[in-house]
Amino acid sequence: MRRTPREFGKTFSGQAAELCRLTTANGLEADVTDYGATLVSLRYPDQNGKVRDLVLGYDSVLGYETGSCYFGATVGRNANRIRGAVFDLNGQEYHLSANEGRNNLHSGPNGYSFRLWQIREAEQKENAITFHLSSPDGDQGFPGNLEASVTYELTGDGALKIHYEAVSDQSTLINMTNHGYFNLNGHDSGNVLNQWMELEAEYYTPVCASSALPTGEIREVAGTPFDFRRPKKIGQEIEDGDIQIGRAGGYDHNFVINGVSGALRKAASAFSEESGIAMEVWTDLPCVQFYTANFVEGQKGKEGAVYGKRSGFCLETQYFPNSINTPGFPVFVLQPGKRWEATTIYRFYHMA
């Protein structure tokens with residue numbers, strides 16, 4: 001494994017974080033840290049050979065410890081929102097921390113994004129690294145002792161592959177994702193409104209007026225600003241007065257990916273005319289959250305960059321948000337002793 005470790009600073013409690021670099025022959029290079037099992041940098045040459053860092057982030061672990069945007073983080077045990085910070089599983093009620101009004105976002109203030117993971121060698125894989133975390137019964141309010149791992153791997157076809165695994169000794173919720181913010185012109189290049197997006201989704205889930213929780217409806221994208229079935233610029237309809245966009249301050253919605261959940265298939269594509277860099281997102285999960293950094297303001301990032309609204313876009317693969325509390329939504333529960341696995345692939349290339 002070609003992994004180059006270096007120090008990434010210390011947390012406020014004095015714990016040392018490590019930054020690991022993964023490289024491939026085709027020019028794709030990634031930096032990941034054991035703090036939050038986080039993607040810190042993703043460098044790729046543009047159509048003229050200039051190397052650009054395509055993800056937002058910070059220069060040291062302290063930025064990730066104090067930041068509120070989840071830049072590049074592994075989110076768990078449950079990504080997205082849970083209404084009222086409470087859910088019922090097998091007849092027992094479980095209470096979580098409310099950290100977005102009355103609701104729970106990304107598992108609360110002590111989520112997996114804010115912990116040091118153990119670094120493990122990825123077995124029989126070059127250009128890969130695995131992070132492991134033990135999450136005890138009652139952690140964040142969730143039932144079950146959970147053993148979780150996430151493996152980052154750079155593949156020969158210009159892709160970053162993220163593979164998740166988890167096993168629990170009790171029935172529990174699991175919905176892990178990566179919260180990377182992408183900008184195909186570079187992390188320090190301004191907003192992404194002129195970059196092109198395509199989503200392989202016929203349906204999306206609208207959100208409530210009082211929160212970003214889904215209403216429970218699964219609505220067709222046809223005839224709405226949420227129709228990305230053909231490529232269009234991210235900013236084309238983001239300010240057109242649509243009620244749903246107004247409620248979220250932009251795009252911050254769950255899209256139902258076409259095809260069979262559990263099968264690896266394309267979820268999204270994006271492209272920048274300026275850099276010539278294109279990306280595809282592939283996953284075996286049923287949904288993807290498309291978020292346009294609506295609430296990023298004045299974040300002091302890497303190399304002196306200051307990130308603001310619309311400075312990146314997120315494509316967070318996931319299960320249906322708040323499904324445990326939403327009749328009609330498919331619910332996934334990890335059963336005791338069963339191994340959960342999920343894969344998301346971000347592939348980069350140049351448009352012809």
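**Terms and values**

Tutor: The largest nonpolar core has 60 residues, and Tyr152, Phe290, Phe313 and Phe348 have the most contacts inside it. Strand E13 (residues 146-155) gives the most to this core, with five residues. A second, separate core has 18 residues, among them Leu56, Phe71, Tyr307 and Cys314. The model is predicted: local features need pLDDT of at least 70 and side-chain atom pairs count only at pLDDT 80 or more, while totals for chains, interfaces and linings use all residues. Residues are numbered from 1 along each chain as its sequence is written, and side-chain values use heavy atoms, with hydrogens and water left out.

Student: What makes a set of residues a nonpolar core?

Tutor: The set holds buried Ala, Val, Leu, Ile, Met, Phe, Trp, Tyr and Cys residues joined through side-chain atoms within 4.5 Å. Buried means under 20% relative accessible area, exposed means over 50%, and partly exposed is in between (1.4 Å probe, protein chains only).

Student: Why is Ala85 called buried?

Tutor: Its relative accessible area is 4%, so Ala85 falls under the 20% limit and counts as buried. Ala85 lies in the loop between E7 and strand E8 (86-89). Its phi is near 55°, a positive value in a residue other than glycine.

Student: Is His106 buried or exposed, and how do you know?

Tutor: His106 has 6% relative accessibility, which is under 20%, so His106 is buried. His106 also has a positive phi, about 50°, although it is not a glycine. Its place is the loop between strand E10 (104-105) and strand E11 (118-121).

Student: What makes a run of residues a helix or a strand?

Tutor: Both are DSSP runs, numbered from the N terminus: helices (H or I) need at least four residues and strands (E) at least two. The protein has two helices and 29 strands.

Student: Why is the protein called as compact as a globular protein of that length?

Tutor: The radius of gyration, taken over C-alpha atoms, is compared with the globule rule, 2.2 Å times the number of residues to the power 0.38. The rule gives 20 Å for 352 residues and the protein has 19 Å, which is close, so the protein is as compact as a globular protein of that length.

Student: Which peptide bond is cis, and what is its omega?

Tutor: The bond from Gly76 to Arg77 is cis, with omega near 5°. Arg77 is in the loop between strand E6 (74-75) and strand E7 (81-82).
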